[in-house]
Amino acid sequence: MTQTARLRRNSSRALLAAGLVASLALATGCAKSEDDKSSSDQGSSSSQKDSAGGQEVASPDGGPTCDISAYGGKKLDLKNATVGFSQSEKEANPFRIAETASLKAEAKSRGVKLLTANAQSQFSKQISDVQDLIAKGADLLVIAPLNSDGWEPVLRSAGAKHIPIVTVDRKINATACKDYVSFIGSDFVEQGKRAADQMIESTGGKGTVAILLGAAGNNVTTERTKGFEDRIKEKAPDLKIVFKQTGEFAREKGQQVTEQLIQSKPDIDGIYAENDEMGLGAVNALKSAGKKAGDVKIVTVDGTRNAVQGIVDGWISGVIESNPRFGPLAFQTLDSFTKGDKVGQNIVIKDSAYTEDNAKSDIGKAF
């Protein structure tokens, strides 16, 4: 081989090696970015934002705290622990799909063993599910409760073994830092108030409004209703709430209830649906009844992609976000707690909103 040929071959090898190094560096950088998004500030209970899930803690340094010395138990390394996650409802609802996916993704990114169970919207099954997770060796529990009451059997079983419990999305009626460590979720009263503000703006503060209530027996329904009713009474006394019936947080039920509503009150001006699925059911009912987009102002809570698209299409006036991507914040809280750090007993997240002004541009943020 001539010297010129050798030089060409060596030059080609050098270029190939440089390209590989650059590719590896780029891949490493991307992987690090993804890791940073899902588990930034691990070990700090007051991280203000999870970039991957978009969850932002409203008051990271405020409110009562809990630590392992107050709760009982011993420190452990989260990486060597088994976490049990109990989902409450069938994963037909986009909120539940996103919630479970977030927990699974965060466990995988941290290399933590995760056991999961789904109660299929049956409370008795959820109680037995959690007891089964304990029997299978769960060291820590994350629970999305179906109901707020009736958790005594689980609390006794977990308490006997000093198993830390974090609840997400809904609260249980028990004592923080005694029966469970922390609740992570939204300010549901505030969500109701913001939904009322949107309804007042959409209707001009006059007319009649119906409420599609969520499922009975949990704090979300109670508090979203209270916030809405209190704000309407305060700011728009000429906007009358003339109908309330549960749609059980389900699209089919929301459609059925709205069909009944249209028959009894065909001139209703607005519908407040306490989640997106019921709101989308209401849209279906209105379409079937020959109503046009915008004839009835609809405001919902959650932030699903279909509901935000409903704003773009003119059927929904506004959507108050309730962010379901609890994985990073839940694991961060457990990590901090098991290291012996203080964590908030009531970790409230900030929620955004979708309106006609931002629905089209921000639909990519929806779940």
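Contact here means heavy atoms within 4.5 Å, and helices (H or I, at least four residues) and strands (E, at least two) are DSSP runs, numbered from the N terminus. The structure is a predicted model, in which local features need pLDDT of at least 70 and side-chain atom pairs count only at pLDDT 80 or more, while totals for chains, interfaces and linings use all residues. Residues are numbered from 1 along each chain as its sequence is written, and side-chain values use heavy atoms, with hydrogens and water left out. The chain has 12 helices and 16 strands.

- The mean pLDDT of the chain (pLDDT being the predictor's confidence in each residue, from 0 to 100) is 88, and 85% of the residues reach 70 or more.
- Over residues 1-52 the pLDDT is below 50, and this stretch has 49 contacts in the model beyond near neighbours in sequence.
- Where pLDDT is low, the predicted coordinates should not be read in detail.
- Of the 367 residues in the chain, 49% are buried, where buried means under 20% relative accessible area, exposed over 50%, and partly exposed in between (1.4 Å probe, protein chains only).
- Among contacts between residues at least 6 apart in sequence, 75% join residues at least 24 apart.

- Helix H9 covers residues 276-288, and its 13 residues should span 18 Å at 1.5 Å a residue, which agrees with the 18 Å between its end C-alpha atoms; the expected span is 1.5 Å times one less than the number of residues.
- Because 10 of the 13 residues of H9 are buried, this helix is largely enclosed by the rest of the structure; among the buried residues are Asp276, Glu277, Met278 and Leu286.
- After H9 comes glycine 290, whose phi is positive, near 85°.
- In helix H10 (residues 305-312), the buried residues are Ala307, Val308, Gly310 and Ile311.
- Seen down the axis of H10, these buried residues fall within an arc of 145°, so they line one face of the helix; the arc is that of the directions from the helix axis to the C-beta atoms.
- The buried residues of H10 pack against H9, strand S12 (297-302), strand S13 (318-321), strand S16 (353-354) and helix H12 (359-362).
- H10 is followed by glycine 314, whose phi is also positive, near 95°.

**Salt bridges**

- Side chains of opposite charge can pair when their charged atoms come close.
- With a salt bridge taken as a side-chain nitrogen of Lys or Arg within 4 Å of a carboxyl oxygen of Asp or Glu, the count comes to 19.
- Aspartate 67 forms a salt bridge with lysine 342, the closest N and O atoms being 3.1 Å apart.
- Since aspartate 67 lies in the loop between strand S3 (65-66) and helix H2 (68-71), and lysine 342 in the loop between helix H11 (327-338) and strand S14 (343-344), the pair ties together parts that are 275 residues apart in sequence.
- Aspartate 67 is buried, at 12% relative accessible area.
- Between aspartate 132 and lysine 136 there is a salt bridge of 3.2 Å, N to O, in which aspartate 132 is partly exposed at 37% relative accessibility and lysine 136 is exposed at 56%.
- Arginine 170 and aspartate 169 form a salt bridge whose closest N and O atoms are 3.9 Å apart; arginine 170 is buried at 3% relative accessibility, and aspartate 169 is buried at 5%.
- Through salt bridges that share partners, Glu89, Arg96, Glu99, Asp169 and Arg170 are joined into one network.

**Backbone at non-glycine residues**

- Most residues other than glycine have a negative phi, and most peptide bonds are trans.
- Histidine 162, although not a glycine, has a positive phi of about 55°; this histidine 162 sits in the loop between helix H5 (152-160) and strand S7 (165-168) and is partly exposed, at 43% relative accessibility.
- Glutamate 248, likewise not a glycine, has a positive phi of about 55°; glutamate 248 is placed in the loop between strand S10 (239-246) and helix H8 (251-264) and is partly exposed, at 46%.
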